[in-house]
Structure formats: structure tokens, C-alpha cells
Amino acid sequence: MTLLRRFCADRKGNVAILFGLCVIPVMGLVGAAVDYSRAASVRTAMQAAADAAALAAARDVANQSQAQIAAYAKRVFDANFHRTDATLDSVTTTKGAKTITVAAKGTVKTTIMAILHVDEMAVGTSSEVGWGTNKIELALVLDNTGSMATSGKMPALKKAATDLLNALEKASPDKDAIKISIVPFDTQVNVGTSYRDAKWITYDADLDRYAQTTRAAWTGCLTDRNMPADTQGDGSALYPAAKCGTGSLATIAPLTTKFDSLRKTIAAMAPSGNTNLTIGLAWGLTTLTPNAPIGGDAAAFGTKQLQKIMILLTDGDNTQNRYTSNPSSIDARARKACDEVKGKNVKLYTIRVIEGNRSLLQSCATSGDTYKEVANADELGPVFKQITNEIAGIRLTN
């Protein structure tokens, strides 16, 4: 009995017993932290894939059936979701009146939590994107100077710009959702002779005698306005009519939703003449300015759910304007014109094609992301496609 009492009263080894009893739930808690962290990582990846799928599907929603939208969204989701440690159960896409929703569900196989008989964890997410909610007004300001005849630049520009028009037309299901203007430029712009009697044109500007013209002889070209209006987009000063420096400068296309007309303007472009970025920028802004000459279809700056955008493309340095052939003097005017554009909250893309003043174009762009540069003409297509996707994305709201 004495031995039995001693055995029953002995407390030695309790810590080991208690530890043995506690180790399983402790390991379960540690495992839960590890497995929940893995599940959170999978969900983050799933969310990114769902966002990409919803955005991609919304860009072409009006032209697709529900089944086509769902199939396309699934392809985009699969292309962006690469987690081998997760099992994807479903990806569903729902088209609402003005929204696209992509929802994904799946499971993550546990590791340590399996000792608590929890073999898997459910993960899921959804992304909703609005479509057709924002409007776009876009000005394409395109260098038509003589240097664009080299290295295949003009053919590449025509194809890239036409592809942009085609893609944005397809992404524009609502009337007036995307309006576009085109401003071909060299040292001048050409507005066409239909404005011969417009009150905003003057035939009496102080121009070089070789540039002077008459109302009857005028063939549509305009040169820089008097400073400081030469960098501005409004109609506060008259526009000097001038003798066309070349006979090939394509006519400006005012802001419109008529994509066939815009494609004809692109097709008519031909390289000739010297470079004056300022007049291209100023007229690009004019086409985006309400109540300005040929900008009457533009909405007011600051209109809600409207983004105004300009794309300036050039392959050369400034060489000539109405006043001088000094590049640095013309650069100074171009910088002021860029400031005018950005001061109106117009998103400004600049594209340098092989050559040109890199510093000027970088400073003109709204941000580092909106400055583009190509080393050869073949790269213009991908650059325009990237910008097209960004413009289409601007129309969508999360």
C-alpha cells in the first residue's frame, strides 16, 4: 500500500504529459497561420486575374453575347492565374446593364492544418467593372513632315493609327462615347477652304511675303498666331491664313464619331515640309476646346465622366515656325503649348519616332508613363496598341 500511495502522489513528469496534450492544438494553430497565409496569397492572385478578366471583357461587351463574354473572360483569367497550389472550381461572368462581374472560386490544399482534419480551405473573389460610363475626346496630332518619308515611318504610322481607330470604334458601343480629331502638321496646318469666309481667319497678318495669300487664292493653310496665342487652343485671337508651304498637307479632321471619315484623313497623309510642334499642339487643343474654331463639338473642360486625351507623334526636332528657324526658340514655344494642354487636364502622350528632341518630348508628356519612344518604325504598332488599351481602360470604372 505504501508503494501504491507513493505512486499516486508522485507529480513528476506532468510537464511532459501536459506538453504532449498541448502540442497538437499548438501545431494546429501554427499550421492555421501558415495555411491562411497561403490562402491569402492565392486569393490575391485570383483577384488580380479576375480584375484583368473583367476589364478585358468590358472593353468589347457591347459586341459580344453572354456566352462569348464568359468564354473570353475565362481565357483571360486562365492566362493570368498560375497558382499550382490551388484548385480552381469555377469562373463565372455576369453581364449587367452597365457592369461586368467576374467571380472565381477554388480551394487550397492545407499542409499542417491537415492534422486537425482540415484538408482544404475555400478561396474566392469577384471583380466588377463598369462599361460605357466614361467618354473620351481624343486628338491625334501627327507629324507629316518630310523626314516621315524615311525608314518606313509614314506607312507604319498610317497602319498603327488606323488600327487604333478600328479598335476604339469597336470599343465604342454608345453614340458619342469616343470622339476623335486628327491634326496632321508640318510648319502649318490645313483646315480646308470651306472656312474661307470664317471670321476667325485673317488675311492681313504680318507674314513673310512668300507666305502671304489672299482670300481668293487661299488653299486652306494656317500658320502660327500672334504670340502668346500661338501656344493656345481657344479662339481669342485671329488665325493667319498663309500660302501652303507644301501641296500635300492633309486636312484637319475635327472632333467626330465618324470613323470612316477619320480613316480617310489618315490615308490622305503624305510627308513633306519642316517641323513646328507648337502649331500641332495648339491645334490639337483647339479641336478639344468647345466654341473654338472647328472645336464646336467638344464638351466643356472638366465635364464629369469625360477624359480629354492628346497623342503627339513626331520624328524630328523643331526647325521652323512663322517667326524663326532657331530650334531652341521654337522649343520654348512648344513647351508653353504643352503646358497649355496639360493645364486643361488633357492627358498628353508623346511619341518619339527614332529621332527628335527627347528632353522636350519627355517634359511635354503628362508623366513618364505617357512618354513613348521607338527605335524603328515597326515598333509603332505595339506602342499604339498599348495606348489604345489604356484609352479603352479609361472608359471603364471600378
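Here are some notes on the predicted model above, point by point.

1. Ground rules. This is a predicted model, with local features needing pLDDT of at least 70, side-chain atom pairs counted only at pLDDT 80 or more, and totals for chains, interfaces and linings taken over all residues. Numbering runs from 1 along each chain as its sequence is written, and side-chain values use heavy atoms, with hydrogens and water left out.

2. Overall make-up. The protein chain has nine helices and 13 strands; these are DSSP runs numbered from the N terminus, H or I of at least four residues for helices and E of at least two for strands. Of its 398 residues, 46% come out as buried (buried is under 20% relative accessible area, exposed over 50%, partly exposed in between, with a 1.4 Å probe and protein chains only).

3. Contacts and surface. Taking contacts between residues at least 6 apart in sequence, 72% join residues at least 24 apart, where a contact is heavy atoms within 4.5 Å. The accessible surface is about 18800 Å², and 54% of that belongs to carbon and sulfur atoms (Shrake-Rupley, 1.4 Å probe; for residues, only the protein chains shown count as cover).

4. Largest pocket. Its volume is about 560 Å³. The lining has 30 residues, with A167, K170, K385, T388 and N389 closest to the centre. A pocket here is an open set of points on a 1 Å grid over the protein atoms alone, where a 1.4 Å probe fits, with protein on both sides within 12 Å along at least five of seven lines; lining residues have an atom within 4 Å of a point. Grid points are joined across faces, edges and corners, and the volume is the space filled by probe spheres set on them.

5. Helices α2 (14–59), α3 (66–80), α4 (153–170) and α9 (380–394) each supply at least two lining residues. By class, the lining splits into 17 nonpolar, five polar and eight charged residues (Ala, Val, Leu, Ile, Met, Phe, Trp, Tyr, Cys and Pro are nonpolar, Asp, Glu, Lys and Arg charged, and the others, Gly among them, polar).

6. Second largest pocket. This one holds about 370 Å³. Its lining has 18 residues, and T187, Q188, A211, Q320 and N321 lie nearest the centre.

7. E137 and K308 meet at 2.4 Å, N to O. E137 sits in strand β4 (residues 135–143) and K308 in strand β11 (residues 306–314), so the bridge ties together parts 171 residues apart in sequence. Both E137 and K308 are buried.

8. A loop-to-loop pair. R215 bridges to D197, with the closest N and O atoms 3.4 Å apart. R215 is in the loop between β7 (201–202) and β8 (221–222), and D197 in the loop between β6 (189–190) and β7, so parts 18 residues apart are tied together. R215 is partly exposed at 40% relative accessibility, while D197 is exposed at 59%.

9. D230 and R333 meet at 2.7 Å, N to O. D230 lies in the loop between β8 and β9 (239–240) and R333 in helix α7 (residues 327–343), so the pair links parts 103 residues apart in sequence. D230 is buried at 4%, and R333 counts as buried at 12%. Elsewhere, salt bridges with shared partners join E169, D260 and R263 into one network.

Note on methods: Salt bridge = Lys/Arg side-chain N within 4 Å of Asp/Glu carboxyl O.
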